[in-house]
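Here is a friendly note to read beside the model, written for someone opening it for the first time. Please keep the structure in view and go through the points in order.

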Amino acid sequence: MLVNDLPDSTRPAGRADWLRELAQARPDSLERLAAPHLVGHRFETLRAPEHGLVMVRARIGNTGDRFNVGEATVTRCVLRWQPDRGEPLAGVGHVLGRDARHAERVAQLDALLQHPALHDALRRDVIEPLRAERLARIGDERTRTEASRVRFFTLQPEAA
């Protein structure tokens, strides 16, 4: 049984969650945390890492009409991993920028995370540390931003 076949109540945080953490991870941290778990696994390339552009869209006021903000460079990769028993699993990796190695690592870990025997260890040893690091980066950025915030107060007109 694959992780995605589990009922929603028993399924760990979903595939979109771990793909987000892997794609937003710093490449050096991802490499360091993933390396021990990738030893001995062979992957077949279905789509080698390739660079492309995507159109970034937004909404006016977050609810209004959509408009094109601009383009962003992305790298994608698709790999297949064949476990000792069971069906082959495909892993996908999409990352912002032109980092082929990062996209490849995301695809490898995505395939391994779909296997129930490996899932819990990978979540504990790779995904959760990456999440903690990302949240710490966000906290540091908010702290730096808050220190430079300018607060404007409404001026009262002078009474003549």
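1. Helix α3 is mostly covered, with eleven of its 14 residues buried. Buried means under 20% relative accessible area, exposed means over 50%, and partly exposed lies in between, with a 1.4 Å probe and protein chains only as cover. Among the buried residues of α3 are His-102, Arg-105, Gln-108 and Asp-110, along with Ala-103, Val-106 and Leu-109. What do the buried residues of α3 pack against? Their partners are α1 (15-24), α2 (27-38), β1, β2, β3 (89-96) and α4 (116-147).

2. A word on what you are looking at: this is a predicted model, in which local features need pLDDT of at least 70 and side-chain atom pairs count only at pLDDT 80 or more, while totals for chains, interfaces and linings use all residues. Residues are numbered from 1 along each chain as its sequence is written, and side-chain values use heavy atoms, with hydrogens and water left out.

3. On confidence, the protein chain averages a pLDDT of 88, and 87% of the residues score at least 70. The pLDDT is the predictor's confidence in each residue, from 0 to 100. Please treat residues 5-12 separately: over this stretch the pLDDT is below 50, and beyond near neighbours in sequence it has eight contacts in the model. A contact means heavy atoms within 4.5 Å.

4. The protein chain has four helices and three strands, and from the N terminus on they run α-α-β-β-β-α-α. Helices (H or I, at least four residues) and strands (E, at least two) are DSSP runs, numbered from the N terminus. Of the contacts with a separation of 6 or more, 60% are between residues 24 or more positions apart. Buried residues make up 28% of the 160 residues in the protein chain.

5. Back to α3 for a check on its length. At 1.5 Å a residue, the 14 residues of this helix (residues 100-113) should span 20 Å, and the end C-alpha atoms are 20 Å apart, which agrees. The expected span is 1.5 Å times one less than the number of residues.

6. A salt bridge is a side-chain nitrogen of Lys or Arg within 4 Å of a carboxyl oxygen of Asp or Glu. Because Glu-104 and Arg-101 are three residues apart in the helix, about one helical turn separates them. Glu-104 counts as partly exposed at 23% relative accessibility, and Arg-101 is partly exposed at 42%.

7. How many salt bridges does a search of the whole structure find? The search finds 17. One of them joins the side chains of Arg-123 and Asp-17 (3.1 Å, N to O). Arg-123 lies in helix α4 and Asp-17 in helix α1, so this pair ties together parts that are 106 residues apart in sequence. Arg-123 is buried, with a relative accessible area of 9%, and Asp-17 counts as buried at 11%. Both residues belong to a network of salt bridges that links Asp-17, Arg-20, Glu-21, Arg-123, Glu-128, Arg-131 and Arg-134.

8. Arg-124 has a salt bridge with Asp-125 (3.1 Å, N to O). Here Arg-124 counts as exposed at 53% relative accessibility, whereas Asp-125 is partly exposed at 27%.

9. For the surface, please look at the nonpolar patch of about 410 Å² made by Val-54, Val-56, Ile-60, Phe-67 and Val-69. The elements giving two or more residues to the patch are β1 (43-59) and β2 (66-81). Patches are made of residues with over 30% relative accessible area and no salt bridge: like charges are joined within 9 Å, nonpolar side chains (Val, Leu, Ile, Met, Phe, Trp, Tyr) within 5 Å. Val-56, in strand β1, is partly exposed with a relative accessible area of 35%.

10. Strand β1 also contains Glu-44, which counts as partly exposed at 41% relative accessibility. Leaving aside neighbours within four places in sequence, Glu-44 is in contact with Val-78, Leu-79 and Arg-80. The C-alpha atoms of Glu-44 and Val-78 are separated by 8.9 Å, and the two residues are 34 apart along the chain.

Methods:
Accessible areas come from the Shrake-Rupley method with a 1.4 Å probe; for residues, only the protein chains shown count as cover.
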